[in-house]
Amino acid sequence: MTDQSTTTAPGAAPSQLPPSVSVRGLRASYGRIEVLHGVDLEVPAGSVFALLGPNGAGKSTLLKVMSGRMRATAGDVMIGDTPVGKTPAEKLARQGVCAVPEGRGIFPNLTVRENLRIWTYRGGISMKDVEEHTYETFPVLKERRRQLAGTMSGGEQQMLAISRALVTNPRVLYLDELSMGLAPLIVAELYELVGTLSRRGMTIVLVEQFVTTALAVADHAAIMVHGRIEQQGAPADMAEAALSVYLA
Ligand code: ATP
């Protein structure tokens with residue numbers, strides 16, 4: 001992986017500052033079952049925000065609503081001045097809101113190049129730019145460019161998924177379970193990239209089960225339990241609270 005601090009993604013709008021993300025009284029349901037019961041969160045502009053909590057707490061659901069992939073039943077999410085609930089998903093994407101979902105969201109039966117080609121259709125970005133930027137960030141993907149994405153290692157698939165997000169040079173990036181199923185060395189590399197992206201000027205919200213890994217890179221953190229935010233604050237104050245929640 002290379003340091004991206006001096007590079008700009010294709011289709012980039014580098015002068016635009018990252019926005020803050022504000023969540024107010026958010027409720028969301030699957031059918032008649034409510035899983036978010038009034039969530040309030042403040043993600044400062046340009047920060048890395050770690051959302052922690054046990055399985056089933058509602059973290060992925062919250063990210064889905066925050067990125068416009070799922071509608072809230074009450075409350076709202078503001079990204080800068082944009083109300084997420086009233087903005088079509090394509091418009092949010094054009095404004096630089098991007099999510100790397102749990103499970104990676106790549107096409108396993110297409111090669112790395114074919115995956116990259118699909119992403120060029122989105123914003124009139126040239127294949128040359130996309131490949132250049134991707135291979136500069138993740139050189140291993142150049143070696144794998146003719147390989148079916150589904151046959152790569154978990155870490156390489158995660159790199160491809162992140163590349164897809166970076167193609168649009170997002171101002172807000174949501175990362176769901178970045179480290180799932182990956183070896184610690186790869187996780188450390190990916191989190192190094194998260195730090196680099198943040199320094200480049202991006203607001204990042206990450207959902208993570210590995211508390212120590214997430215808190216090491218985060219500027220702010222929150223712990224979610226049963227569809228509610230139990231506690232939020234500085235990472236240093238969260239480690240113990242997170243541990244007690246997990247043990248409980
Ligand atoms: P995990 O780390 O296990 O993914 P999470 O904190 O991200 O957990 P969610 O995936 O948001 O939690 O799930 C919150 C609740 O919503 C859980 O009870 C889950 O079973 C339920 N749920 C999630 N997705 C769906 C769905 N598509 N349909 C119905 N219920 C769902």
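Predicted model: local features only at pLDDT ≥ 70, side-chain atom pairs only at ≥ 80, totals over all residues.
**Thr203.** I started with the contacts of threonine 203, skipping its neighbours within four places in sequence, and found Pro18, Pro19, Val21, Val43, Pro44, Ala45, Gly46, Ser47, Arg171, Val172 and Leu173. Thr203 sits in strand S8, residues 203-207. Buried or exposed? Its relative accessibility is 0%, so I put threonine 203 down as buried, the cut-off being under 20%.

**Ile204.** Next I looked up isoleucine 204, again leaving out neighbours within four places in sequence. Its contacts are Ser47, Val48, Phe49, Leu173, Leu175, Val194, Leu197 and Ser198.

**Cores.** Ile204 turned up again in the largest nonpolar core, which has 49 residues. It is listed there among those with the most contacts inside the core, along with Leu160, Leu173, Val194 and Leu206. Which helix gives this core its largest share? I got H6 (residues 154-167), with seven residues. Domain 1 (18-96 + 170-248) and domain 2 (106-169) each supply at least three residues to this core. I also found a second, separate core of 28 residues, with Leu26, Met66, Val84 and Leu92 among them.

**Ligand.** I then turned to the ligand and counted 13 residues around it, the closest being Gly56, Gly58, Lys59, Ser60 and Thr61. Helix H1 (residues 59-66) gives the most to this shell, three residues.

- Lysine 59 has a polar side-chain atom at 2.8 Å.
- Glycine 58 has a polar backbone atom at 2.9 Å.
- Glutamate 177 has a side-chain N or O atom at 3.5 Å.

Last entry: the ligand taken alone exposes 630 Å², and the protein buries 59% of that.

Note on methods. Residues numbered from 1 in each chain as written. Heavy atoms only, no water. Core = buried A, V, L, I, M, F, W, Y, C linked by side-chain atoms within 4.5 Å. Buried < 20%, exposed > 50% of the residue type's maximum accessible area, 1.4 Å probe, protein only. Helix = DSSP H or I, 4+ residues; strand = E, 2+ residues; numbered from the N terminus. Domains from an automatic or database assignment. Contact = heavy atoms within 4.5 Å. Near = heavy atom within 4 Å. Polar contact = N/O pair within 3.5 Å; in protein donor to acceptor, adjacent residues only side chain to side chain. Areas by Shrake-Rupley, 256 points an atom, 1.4 Å probe, with all protein chains shown as cover.
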